[in-house]
Amino acid sequence: MNFSLEGRTYVIMGVANKRSIAWGIATSLHAAGARLIFTYANERFEKPVRDLAATLDGQDALFYQCDVTSDEAVQTTFDQIKEDVGTIHGLAHCIAFAQKEDLKGDFVDTSRDGYLLAHNISAYSLVAVSRAAQPLMTEGGGIVTLTYLGGERVVKNYNVMGVAKASLDATMKYLANDLGQHGVRVNAISAGPIRTLSAKGVGDFNAILKNIEEKAPLRRTVTQEEVGDTAYYLLSNLSRGVTGEIIHVDSGYSILG
Ligand code: NDP
Ligand code: N5H
């Protein structure tokens with residue numbers, strides 16, 4: 001069986017810079033021969049994303065602005081992608097956001113607006129994007145999203161984002177059930193802590209990483225590349241019997257009590 005992604009096209013949503021998990025996914029899919037399409041939320045990220053993509057040898061990438069809080073923006077983006085490339089074979093959703101003040105202190109203090117914002121960007125967006133992308137997956141396809149252990153159990157300071165990830169996990173499963181009949185598989189990767197732009201404001205991220213190094217079965221943290229290779233597996237025919245699944249790429253940390 002041939003597991004090359006030659007001749008296949010994937011949409012990568014959520015590259016902010018070279019540390020982004022989305023970038024780890026992009027490099028893995030590129031290495032497997034895929035053509036890549038990048039979306040970014042804000043136009044200030046267009047140049048950085050274009051500059052990064054230019055470092056991928058022989059990659060003829062396409063770029064679109066897509067703020068996932070707008071149904072219209074999501075639809076327009078996928079209409080444009082359909083016009084420009086026709087069929088796509090998959091999508092990586094690497095998007096989350098919560099207000100800084102909701103990522104510390106007590107979860108019980110989360111405001112209604114903060115709760116809705118986190119769920120809008122971090123969970124509902126997968127519904128909007130999947131609905132717009134599925135018609136372009138005329139040969140079947142794969143959708144992968146990024147989740148975190150804090151959606152399965154209480155993790156200090158993750159707070160509203162944990163509740164949004166729980167919603168994202170369930171959203172992924174309901175989408176897998178709907179889209180399976182179209183040959184589209186939907187899965188999630190639960191990544192261990194990785195230092196990215198999103199993680200930047202997190203107080204004492206070093207202590208969080210050190211705890212993983214001390215306790216996780218592999219006694220080390222994971223890399224963007226390792227998450228990228230699992231995304232490659234989930235977006236290729238290697239995983240053709242897998243849907244509605246959460247794969248932990250976390251050095252085994254989630255098995256600990
Ligand atoms: P990054 O900061 O690199 O990426 C976050 C991305 O979210 C950015 O590219 C940002 O886009 C995008 N985004 C935010 N709001 C919107 C919006 N309204 N519309 C479109 N895109 C938006 O961080 P990570 O790589 O760490 O995060 C990627 C995913 O991985 C997230 O879902 C995160 O929860 C998850 N994750 C991260 C872990 C970690 O330890 N880092 C662990 C487990 C899961 P832009 O830059 O254009 O604003
Ligand atoms: C238990 C933890 C540590 C505490 C919680 C961290 C949660 C992080 C996730 C969200 C997505 C971070 C976030 O929204 C940051 C924004 O408020 C401010 N940052 C930005 O606006 C930057 C510029 C842009 C690019 O960021 C986004 N997201 O748009 C969890 C950690 C151990 C693991 C972790 C870091 C998980 C995760 O989900 O990212």
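**Exposure, helix packing and ligand shells**

Biologist: Is Arg219 buried or exposed?

Modeller: Arg219 is exposed, because 11 other C-beta atoms lie within 10 Å and a residue with 12 or fewer is classed as exposed. Please note that this is a predicted model.

Biologist: Where is Arg219 placed?

Modeller: Arg219 sits in the loop that joins α6 (205-215) to α7 (224-235).

Biologist: And what is phi of Arg219?

Modeller: Phi of Arg219 is near 55 degrees, which is a positive value in a residue other than glycine. Asn157 also has a positive phi, near 75 degrees, and this residue is likewise not glycine.

Biologist: Where is Asn157 found?

Modeller: Asn157 belongs to the loop between β5 (141-147) and α5.

Biologist: Let us turn to Asp109. Which loop holds Asp109?

Modeller: Asp109 lies in the loop between β4 (90-93) and α4 (112-133). Asp109 is exposed, with 12 other C-beta atoms within 10 Å.

Biologist: How many residues apart in sequence are Asp109 and Ala132, and what separates them in space?

Modeller: They are 23 residues apart in sequence, and their C-alpha atoms are 35 Å apart in space.

Biologist: Now the helices. At what angle do α4 and α5 pack?

Modeller: Helix α4 packs with α5 (residues 159-179) at an angle of about 20 degrees, and the two axes are 9 Å apart. Angles under 35 degrees count as roughly parallel, so α4 and α5 are roughly parallel to each other. Their crossing is right-handed.

Biologist: How do α3 and α4 pack?

Modeller: Helix α3, which covers residues 71-85, meets α4 at an angle of about 30 degrees, with 9 Å between the axes. Helices α3 and α4 are therefore roughly parallel to each other, and α3 passes α4 in a right-handed crossing.

Biologist: What about α1 and α7?

Modeller: Helix α1 (residues 21-31) packs with α7 at an angle of about 55 degrees, and their axes are 7 Å apart. That angle makes α1 oblique to α7. The crossing in which α1 passes α7 is right-handed.

Biologist: On to the ligands. Which residues come nearest to ligand 1?

Modeller: There are 27 residues around ligand 1, and Ala16, Ser20, Ala41, Ala96 and Thr196 come nearest. By class, this shell has 20 nonpolar, six polar and one charged residues.

Biologist: And which residues are closest to ligand 2?

Modeller: The closest are Ala96, Tyr158, Pro193, Ser198 and Ala199, out of 20 residues that surround ligand 2.

Biologist: What classes make up the shell around ligand 2?

Modeller: The shell around ligand 2 has 14 nonpolar residues, five polar ones and one charged one.

Biologist: One last topic, confidence. What pLDDT does the chain average?

Modeller: The chain averages a pLDDT of 97, and 99% of the residues score at least 70. For the complex, the predictor gives an ipTM of 0.99 and a pTM of 0.98.

How values were computed. Residues numbered from 1 in each chain as written. Chains lettered and ligands numbered in written order. Predicted model: local features only at pLDDT ≥ 70, side-chain atom pairs only at ≥ 80, totals over all residues. Near = placed C-beta within 6 Å. Nonpolar A, V, L, I, M, F, W, Y, C, P; charged D, E, K, R; others polar. pLDDT = per-residue confidence, 0-100. Helix = DSSP H or I, 4+ residues; strand = E, 2+ residues; numbered from the N terminus. Buried ≥ 20, exposed ≤ 12 C-beta atoms within 10 Å, placed from the backbone. Axes fitted to C-alpha atoms, helices over the stretch in contact; angles between N-to-C directions. Parallel < 35°, antiparallel > 145°, perpendicular 65-115°, else oblique. Left-handed = near helix turned anticlockwise from the far one by under 90°.
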